[in-house]
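The following questions and answers concern contacts within and between chains, and the surroundings of a ligand. Please consult the sequence and the structure as you read.

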Amino acid sequence: MAIPVEQLADEMYEIIKESAGVKKLKGGDLTKAMVAKYGDEVSRADAKAAIRMLIDSGRCVYGYFGGSSIELPHSEAAENK
Amino acid sequence: MADDLKTPLLDELEKGPWPSFVKDIKSLAGKKEMAKDLLRQLEKSYEDKRGYWKHGGLVGVMGYGGGVIGRYSALPEEFPGVSHFHTLRINQTSGWFYTADALREILNIWEEHGSGLLNVHGSTGDLVLLGTRTEELEPTFRALTEKGWDLGGSGSDLRTPSCCVGPGRCEYACYDTLSLAYNLTHAYQDELHRPMFNYKYKIKMSGCPNDCTAAIARSDMGIIGIWKDDIQVKPDAVAEYVDSGLDVQGLVVENCPTGCIELDGNEIKIDNSNCVKCMHCINVMPKALSPGKERGAAITLGAKAPIVEGALFGSVIIPFMKLEEPFEEVHDLIERIWEFWDEHGTNRERIGEFIERVSLATFLEGIGEKPLPQMIKAPRDNPYVFYEEYYAEEGEGEK
Ligand code: HEM
Ligand code: HEM
Ligand code: SF4
Ligand code: SF4
């Protein structure tokens with residue numbers, strides 16, 4: 001049984017929330033975490049769709065510091081108001 | 001011109017017969033606070049011998065993870081005009097062909113929403129719009145997309161594919177660089193706008209080994225036009241060059257890196273089995289010599305500038321591939337490479353570094369390609385590829 005994309009998105013969101021301020025996560029890290037948990041029940045395409053859902057809904061945003069990451073929306077230290 | 005703008009150090013850069021970015025920015029300084037403060041902050045940097053920019057990692061437009069490079073001034077009180085100074089990369093057209101109207105369109109949008117300064121083109125290939133504020137990003141993006149423009153890549157994504165003018169203007173083109181760049185840009189929109197790789201991945205396309213996009217040195221994946229058969233020779237035109245006084249012996253024959261050309265009176269003989277396709281003879285005698293008829297491209301992997309690790313040059317991974325629409329063979333190769341790199345690469349590891357770490361042999365096995373002698377980068381660079389049969393001999397089981 002394939003895991004629904006909505007469920008993947010929710011679980012990814014929890015992982016991102018837990019790592020906020022500790023570790024920056026890439027799309028690949030999230031995909032690998034889901035594959036580690038559910039094995040064949042998660043396809044790369046579904047993991048991609050889940051990330052797309054997080055970004056397009058505004059629950060998460062892309063960040064960049066050296067490499068790209070997926071983060072909770074927040075204001076950053078460098079920002080000038 | 002702004003009267004209160006004093007930039008004696010920058011003014012030095014206006015001297016001499018060369019174009020000057022200082023002159024350019026000054027031409028906008030009377031109209032745009034952003035241009036004026038850009039010059040003032042740069043003058044201070046020259047005085048103090050340090051930069052005053054801060055990186056902004058979160059700015060962008062909704063849904064996109066690339067295309068905007070965030071910058072803030074470290075001295076916003078002193079230089080409020082550049083308190084925010086974000087850059088947008090705009091996906092260039094294949095081969096950089098524009099109409100004057102198209103350029104005017106972009107300039108009008110940029111004068112309204114940003115500094116009005118642009119760099120055409122950046123070393124990435126994109127049209128680079130320099131300097132705007134965070135709250136202007138979405139309106140700029142909307143204005144651009146309404147006219148059919150889109151952002152280019154940045155961050156850990158597929159960077160905007162870039163190509164030479166190719167068959168648009170150049171007889172040397174061994175494949176249609178313009179249409180391949182267009183095709184790859186459209187095929188990989190997700191990879192371009194939604195960073196999902198370990199690190200950046202640049203594809204540059206040159207129509208022949210002259211490599212006008214410098215793909216061999218500047219792209220993770222270079223697609224460089226090449227031919228397989230013999231250089232085409234027009235004997236009459238060779239004779240004409242000789243008669244006109246061109247030193248064919250000195251300039252062509254003796255400069256061939258493999259010494260595979262011979263001149264006999266008015267006649268040229270090429271030992272094509274020893275030609276390394278360097279383009280030298282063709283470049284010197286374009287009317288007489290041209291690439292062969294069996295054309296395609298060689299594909300290189302791994303070039304990069306020094307950031308995390310040192311600089312690397314690209315090396316050949318596919319010696320020859322025919323390139324024709326709909327380019328399925330290229331898509332297939334690209335996807336095999338991405339999948340293996342995705343699975344086994346580490347954070348911020350470029351494809352060239354990845355291959356060095358896991359070894360060429362492992363990489364080839366991972367993407368399902370066979371080792372070939374053309375993959376050897378340099379003399380004594382030994383890939384030590386082991387064939388399955390050798391393992392079998394060691395008793396690892398029957399095949
Ligand atoms: C005192 C004796 C010897 C010394 C000090 C010596 C030293 C060397 C050195 C420094 C190299 C270059 C290694 C490299 O480029 O990384 C080399 C290469 C080589 N040596 Fe010797 N060698 C000696 C005897 C021999 C003998 C007796 C043979 C063969 C019977 C031999 C065969 C070779 C070969 C085939 C190469 C590789 C050449 C190439 O790849 O261009 N050497 N040797
Ligand atoms: C236990 C025995 C041996 C070990 C551990 C050994 C190890 C090595 C190593 C590590 C290299 C360098 C490979 C590289 O370039 O990355 C090498 C190269 C070489 N070895 Fe050996 N070797 C052994 C025996 C021999 C013998 C018996 C011969 C010849 C009679 C020999 C001839 C050579 C030659 C000619 C090269 C240079 C190959 C080249 O040009 O790339 N080796 N060996
Ligand atoms: S790379 Fe070759 S085909 Fe492309 S513009 Fe340069 S010379 Fe012409
Ligand atoms: S292309 Fe280069 S290697 Fe080939 S014949 Fe001409 S000069 Fe020699």
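Q: In this predicted model, what area do domain 2 of chain B and domain 3 of chain B bury between them?
A: The contact draws six residues from domain 2 of chain B and five residues from domain 3 of chain B. Of the area buried between these two domains, 65% lies on carbon and sulfur atoms. The total is about 640 Å².

Q: Which three residues supply more than any other three of the area that domain 2 of chain B buries against domain 3 of chain B?
A: The side of domain 2 of chain B that touches domain 3 of chain B has five nonpolar residues, one polar residue and no charged residue. Three residues of domain 2 of chain B supply 77% of the area that it buries there. They are B:Tyr172, B:Asn210 and B:Trp227.

Q: How do the residues of the shell around ligand 3 divide by class?
A: Among the residues around ligand 3 are B:Cys164, B:Cys170, B:Cys208 and B:Cys212. The shell divides into seven nonpolar, three polar and one charged.

Q: What area is buried between chain A and chain B?
A: The contact between the chains takes 23 residues from chain A and 32 residues from chain B. Carbon and sulfur atoms give 46% of the area buried there. That area is about 2300 Å².

Q: Which residue of chain A meets B:Glu191 in a salt bridge?
A: Between chain A and chain B the count is five salt bridges. In one of them, the side chain of B:Glu191 takes part at a distance of 3.5 Å, N to O. Its partner is A:Lys48.

Q: Which element gives the largest share of the side of chain A that touches chain B?
A: Across the interface of the two chains the rule finds 16 residue pairs in polar contact, both residues at pLDDT 80 or more. The elements that give two or more residues to the side of chain A are α3 (44-56), β1 (61-65) and β2 (67-71). The largest share, five residues, comes from α3(A).

How values were computed:
Residues are numbered from 1 along each chain as its sequence is written. Chains are lettered from A and ligands numbered from 1 in the order in which they are written. This is a predicted model: local features need pLDDT of at least 70, side-chain atom pairs count only at pLDDT 80 or more; totals for chains, interfaces and linings use all residues. Side-chain values use heavy atoms; hydrogens and water are left out. Contact means heavy atoms within 4.5 Å. Buried area is the accessible area (1.4 Å probe) that two parts lose on being put together, summed over both. Ala, Val, Leu, Ile, Met, Phe, Trp, Tyr, Cys and Pro count as nonpolar, Asp, Glu, Lys and Arg as charged, and the others, Gly among them, as polar. A residue is near a molecule or strand if one of its heavy atoms lies within 4 Å of it. A salt bridge is a side-chain nitrogen of Lys or Arg within 4 Å of a carboxyl oxygen of Asp or Glu. A polar contact is a pair of N or O atoms within 3.5 Å; within protein, one must be able to donate a hydrogen and the other to accept it, and residues adjacent in sequence count only if both atoms are side-chain atoms. Helices (H or I, at least four residues) and strands (E, at least two) are DSSP runs, numbered from the N terminus.
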